[in-house]
Amino acid sequence: MTLSTTKRYLSEGLELFFEILKTPTFPEEEFKKEVSILEKSLKQMEEDPSYIAHKNFFKKLFGEHPYGRPIEGEPEKLKDLTRQDIVKFYEKFYKPNRMIFSFVGDIDEKELKDKIEKYILPWQGEIYDRQIVPPVFQKRDKPLELKINRKDLTQSTIVLGFEGISRKDPDFFATSLMNYVLGGGGLTSRLAKKVREEKGLAYSIYSTFTPYLLNGAFYIEVKTKAENTDNVVKMVTEELKNMVNKGLTEEELKEAKAFLVGSFPLRIDTMKKINEFLPLMDFYQLGDDYIKRYPEYIEKVSIEDIKRVSERIINYKSFILSVVGPTN
């Protein structure tokens with residue numbers, strides 16, 4: 001939940017904020033309306049080739065683990081959802097001991113503490129201690145292909161990827177730099193230069209990774225004409241192999257560092273962005289000095305670190321390939 005208000009109305013705003021948070025009513029008619037909206041939204045998403053390709057990729061990568069399930073839910077499960085399910089979920093998870101409260105504004109810590117403790121201290125509830133089970137990744141000796149035939153399309157949407165890292169992994173910063181050069185740096189990245197600029201086989205291609213509390217995914221997405229699918233997949237795997245075998249040049253690493261360090265302030269240049277960033281720092285236990293030390297973390301990464309991380313993470317031999325488009 002978020003609250004944005006002027007200092008003049010802060011006390012009244014906080015009173016309403018905690019009333020909503022602590023005593024929600026979940027009206028039946030509102031519940032039904034939201035289910036209807038979500039049902040229509042999911043039906044639209046299920047027609048999106050990119051959504052389908054990602055959904056199949058994550059499901060196969062993570063199996064039965066929650067990371068493999070779409071956050072939005074599954075259309076077929078909505079019919080079984082009741083208001084009581086929402087109430088039980090709220091009662092189980094919405095506890096003061098699970099809450100991260102961040103505040104950005106013109107107020108000192110003592111004054112803020114006085115304003116919120118009267119709402120938080122009396123708020124009691126049974127502590128829910130959940131055991132976090134890591135995902136189990138299947139070992140393969142060759143690529144796994146997942147193909148969804150959509151004859152109504154003229155192009156293929158390709159998601160190619162493998163196991164990634166967690167946000168708390170010490171190799172996070174090296175992975176960030178490696179990913180920027182590979183496909184995260186827009187038109188300046190290797191994948192964009194090769195597949196888009198040199199060969200003209202795609203308008204958009206990028207790589208990214210999802211560093212959750214536990215190991216996430218590392219993947220590349222690209223859209224291309226159906227007849228170019230196999231060729232584009234081959235080119236992507238070649239670039240992955242080159243990253244593992246050759247690593248980065250000093251110039252590539254220098255440019256990547258300059259971009260990540262230079263763009264970082266844009267992630268915290270408004271009160272809203274800072275307020276969204278602070279809970280992430282706490283949730284992932286990045287340290288209170290993370291914002292200040294981020295440039296230092298990036299600058300410490302060496303060519304050797306990139307080479308080691310590439311060899312550790314990039315899997316160009318037994319990746320998962322998810323393709324949605326007209327197939328033979």
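In the predicted model, Ser-50 counts as buried because its relative accessibility of 14% falls under the 20% limit. Ser-50 belongs to helix H3, which spans residues 49–62, and, when its neighbours within four places in sequence are left aside, the residues in contact with Ser-50 are Thr-157, Glu-221 and Lys-223. The strands concerned, E2 (residues 155–163) and E4 (residues 217–225), run antiparallel and are joined by nine bridges.

The pairing of E2 with E4 forms part of an open sheet of five strands, in which the order is E1-E5-E2-E4-E3 and the pairing is mixed. Strand E1 (144–149) and strand E3 (205–210) stand at the edges of this sheet, and because each has a single partner strand, one side of each is left without a neighbour in the sheet. From one strand to the next, the twist averages 15°. In general, the strands of a sheet pair through backbone hydrogen bonds, in either a parallel or an antiparallel manner.

Leu-240, which lies in helix H8, is likewise assigned to the buried class, because its relative accessible area is 0%. Apart from neighbours within four places in sequence, Leu-240 is in contact with Leu-160, Phe-162, Leu-182, Ile-220, Ile-314 and Tyr-316. Between Leu-240 and Ala-53 there are 20 Å in space, taken from C-alpha to C-alpha, and the two are 187 residues apart in sequence.

Helix H8 (residues 229–246) also packs with helix H12 (residues 303–313), at an angle of about 130° and with the axes 7 Å apart. The two helices are therefore oblique to each other, and their crossing is left-handed. On the side of H8 the contact is made by Met-243, Val-244, Asn-245 and Lys-246, and on the side of H12 by Lys-307, Ser-310 and Glu-311. Sorted by class, the residues in this contact of H8 with H12 comprise two nonpolar, two polar and three charged.

The contact of H9 with H11 has five nonpolar and two charged residues, and no polar residues.

Most residues other than glycine have a negative phi. Phe-26, however, is a residue other than glycine with a positive phi, near 50°, and is placed in the loop between helix H1 (10–22) and helix H2 (28–45). With a relative accessibility of 25%, Phe-26 counts as partly exposed. Gln-285, also not a glycine, has a positive phi of about 55° and is placed in the loop between helix H10 (271–283) and H11. Gln-285 is exposed, because its relative accessible area of 61% is over the 50% limit.

Terms used
Residues are numbered from 1 along each chain as its sequence is written. This is a predicted model: local features need pLDDT of at least 70, side-chain atom pairs count only at pLDDT 80 or more; totals for chains, interfaces and linings use all residues. Side-chain values use heavy atoms; hydrogens and water are left out. Helices (H or I, at least four residues) and strands (E, at least two) are DSSP runs, numbered from the N terminus. Buried means under 20% relative accessible area, exposed over 50%, partly exposed in between (1.4 Å probe, protein chains only). Contact means heavy atoms within 4.5 Å. Two strands pair if DSSP finds at least two bridges between them. Axes are lines fitted to C-alpha atoms, for helices over the stretch in contact, and angles run from 0 to 180 degrees between N-to-C directions. Ala, Val, Leu, Ile, Met, Phe, Trp, Tyr, Cys and Pro count as nonpolar, Asp, Glu, Lys and Arg as charged, and the others, Gly among them, as polar. Angles under 35 degrees count as roughly parallel, over 145 as roughly antiparallel, 65 to 115 as roughly perpendicular and the rest as oblique. A crossing is left-handed if the near helix is turned anticlockwise from the far one by less than a right angle, and right-handed if clockwise.
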